[in-house]
Amino acid sequence: MIPLYRYLTGSVPPEFGDSLHLQVFYLENNKLTDSIPESLSRFGCLIKLNLARNKLSGSIPTSFGNLK
């Protein structure tokens with residue numbers, strides 16, 4: 001595990017959504033900006049997603065409603 005606490009800035013890279021087998025994804029306490037990429041809804045096995053305490057804007061993509 002690589003701690004990413006407060007090291008990430010800018011937009012959430014859409015490529016993160018290519019990690020289809022990722023189950024837990026914590027990106028809280030960074031300086032991420034812009035909106036949540038729709039590609040993150042492609043996580044097939046996602047159990048937990050934490051994007052708290054960033055500077056994200058916009059709505060949560062509707063495709064997140066398809067996550068199980």
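In the predicted model, Arg6, Lys31, Arg53 and Lys55 form a positive surface patch. Of these residues, Lys31 belongs to strand E3, which spans residues 31–34.

Strand E3 also contains Asp34. The phi angle of Asp34 is near 70°, a positive value in a residue other than glycine. Asp34 has a relative accessibility of 43% and is therefore classed as partly exposed, the class that lies between the limits of 20% for buried and 50% for exposed residues.

A positive phi is also found at Asn29, where the angle is near 60° and the residue is again not glycine. Asn29 is located in the loop that runs between E2 and E3. With a relative accessible area of 14%, Asn29 is buried, because the class requires a value under 20%.

Ser41 is placed in the loop connecting E3 with strand E4 (48–50). Its relative accessibility is 15%, so Ser41 is likewise counted as buried. The side chain of Ser41 makes a polar contact of 2.8 Å with the side chain of Ser63.

Gln23 occupies the loop between strand E1 (9–11) and strand E2 (24–26). The relative accessible area of Gln23 is 42%, and the residue is therefore partly exposed. Between Gln23 and Asn54, which are 31 residues apart along the chain, the C-alpha atoms are separated by 21 Å.

Notes: Residues are numbered from 1 along each chain as its sequence is written. This is a predicted model: local features need pLDDT of at least 70, side-chain atom pairs count only at pLDDT 80 or more; totals for chains, interfaces and linings use all residues. Side-chain values use heavy atoms; hydrogens and water are left out. Patches are made of residues with over 30% relative accessible area and no salt bridge: like charges are joined within 9 Å, nonpolar side chains (Val, Leu, Ile, Met, Phe, Trp, Tyr) within 5 Å. Accessible areas come from the Shrake-Rupley method with a 1.4 Å probe; for residues, only the protein chains shown count as cover. A salt bridge is a side-chain nitrogen of Lys or Arg within 4 Å of a carboxyl oxygen of Asp or Glu. Lys and Arg count as positive and Asp and Glu as negative; His and the chain ends are not counted. The place of a charge is taken as NZ of Lys, CZ of Arg, CG of Asp or CD of Glu. Helices (H or I, at least four residues) and strands (E, at least two) are DSSP runs, numbered from the N terminus. Buried means under 20% relative accessible area, exposed over 50%, partly exposed in between (1.4 Å probe, protein chains only). A polar contact is a pair of N or O atoms within 3.5 Å; within protein, one must be able to donate a hydrogen and the other to accept it, and residues adjacent in sequence count only if both atoms are side-chain atoms.
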